[in-house]
Amino acid sequence: MKNIKLAARNGRPPTVVKVGSVEVGGSFTVIAGPCAVESEEQTLKTAQAVKAAGANMLRGGAFKPRTSPYSFQGLGIEGLKILERARRETGLPVVTEVLDPRDVSWVAEYADMLQIGARNMQNFALLKEVGRVRRPVLLKRGMHSTLEEWLNCAEYVLGEGNPNVILCERGIRTFERYTRNTLDLCAVPALRELTHLPVIVDPTHATGKPSLVAPMSLGALAVGAQGIIVEVHCNPSEALCDADQALTVEMFGSLMRRLRPLEGFLAGQGREPEVAG
Ligand code: PEP
Ligand code: MN
């Protein structure tokens with residue numbers, strides 16, 4: 001990949017991206033929270049529950065990229081204020097999506113990390129804009145993008161002077177219809193060879209099915225992912241966005257109880273799982 005210069009592994013040590021007090025690329029990072037910020041009560045309740053279960057960071061969209069313009073689009077600035085409150089009450093850093101280059105600088109004042117969603121992976125104006133702010137960037141894989149295209153997008157952000165990029169595999173579109181997308185777990189060890197940037201997995205959007213989130217999270221950890229981002233809702237059936245795929249608080253707790261021992265086991269082996277040197 002000759003155009004991948006700044007993101008390429010090239011013998012560089014793995015990058016650790018600091019998001020608030022959390023070091024992504026250090027120990028396994030669990031990001032959890034609702035798809036969208038819907039209300040103060042829903043967000044705070046969910047934030048407190050994921051914190052109690054051991055999450056390291058809170059997710060929640062204030063701007064939602066919806067397929068239909070008639071669907072809930074997010075609360076905008078109200079949502080960002082709710083996220084600020086959730087951060088204050090839980091101590092969890094927050095990641096939230098930004099859709100429009102014009103919003104980047106002010107959204108960055110509320111968020112600890114800016115998410116670039118799958119639909120915007122190749123929005124080059126947006127990539128350059130998040131490259132110019134100091135906040136870390138969570139760059140999700142486009143649903144029909146190759147690893148090379150994806151790394152080129154990381155290159156856009158890095159090239160503007162922002163070294164804090166985390167890659168997130170969130171499933172790609174294939175002929176399979178049972179799952180929402182197809183989780184390309186192979187991308188994880190492949191990226192660990194190709195780039196020094198941290199790589200995390202979104203098993204929620206990859207599968208679209210709550211029952212598949214835990215097994216794919218464990219799989220992600222085993223193949224060398226440095227974290228996961230999972231949708232959790234205090235009352236999934238009432239969710240205004242992605243209701244069918246959110247974990248309940250109980251399911252998230254059970255996932256955490258399976259995940260942490262596997263993390264401990266792999267660490268006890270004295271090696272990172274399945275990562276090329
Ligand atoms: C999300 O995280 O809620 C989201 C919209 O994800 P993606 O961009 O991966 O579809
Ligand atoms: Mn979602």
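Ligand 1 is surrounded by Cys-35, Arg-59, Lys-64, Glu-97, Gln-115, Gly-117, Ala-118, Arg-119, Lys-140, Arg-170, His-205 and Glu-231, a residue being counted as near a molecule or strand if one of its heavy atoms lies within 4 Å of it. The model is predicted, so that local features need pLDDT of at least 70 and side-chain atom pairs count only at pLDDT 80 or more, while totals for chains, interfaces and linings use all residues. Residues are numbered from 1 along each chain as its sequence is written, chains are lettered from A and ligands numbered from 1 in the order in which they are written, and side-chain values use heavy atoms, with hydrogens and water left out.

Polar contacts to ligand 1 were assigned to pairs of N or O atoms within 3.5 Å; within protein, one atom must be able to donate a hydrogen and the other to accept it, and residues adjacent in sequence count only if both atoms are side-chain atoms. A polar side-chain atom of Arg-59 lies 2.8 Å from an oxygen atom of the ligand. For Lys-64, the distance from a side-chain N or O atom to an oxygen atom of ligand 1 is 2.9 Å, and for Arg-170 the corresponding value is 2.7 Å.

The manganese ion (ligand 2) is coordinated by Cys-35 (SG), His-205 (NE2), Glu-231 (OE) and Asp-242 (OD), at 2.1 to 2.4 Å. Donors are N, O and S atoms within 2.8 Å of the metal (3.2 Å for Na, K and Ca), and sites may look incomplete because water is not among the atoms. The donor residues follow the spacing C-x169-H-x25-E-x10-D in sequence. Helices (H or I, at least four residues) and strands (E, at least two) are DSSP runs, numbered from the N terminus. Both Cys-35 and His-205 are buried, where buried means under 20% relative accessible area, exposed over 50%, and partly exposed in between (1.4 Å probe, protein chains only). Cys-35 has a relative accessibility of 4%. Asp-242, in the loop between strand 10 (227-231) and helix 9 (249-268), is likewise buried, at 18%, and has a positive phi near 55° although it is not glycine.

A positive phi, near 40°, is also found for Asn-10, which lies in the segment before strand 1 (17-19) and is exposed, with a relative accessible area of 65%.

With a disulfide defined as a pair of cysteine sulfur atoms within 2.5 Å, the count comes to zero. Cys-234 is in no disulfide, the nearest cysteine sulfur, that of Cys-35, being 14 Å away. Cys-234 is partly exposed, at 28% relative accessible area.

Strand 6 (residues 113-116) directs Met-113 and Gln-115 one way and Leu-114 and Ile-116 the other way, and all are buried. In a regular strand the side chains alternate between the two faces of the sheet. Strand 6 runs parallel to strand 5 (residues 94-97), to which three bridges join it; strands are taken to pair if DSSP finds at least two bridges between them. Val-95 stands opposite Met-113. Three bridges also pair strand 6 with strand 7 (residues 137-140) in the parallel sense, and here Gln-115 stands opposite Leu-138. Together with helix 4 (residues 124-132), strands 6 and 7 make a right-handed β-α-β unit; right-handed denotes a path from the first strand over the helix to the second that runs clockwise with the strands pointing away from the viewer.
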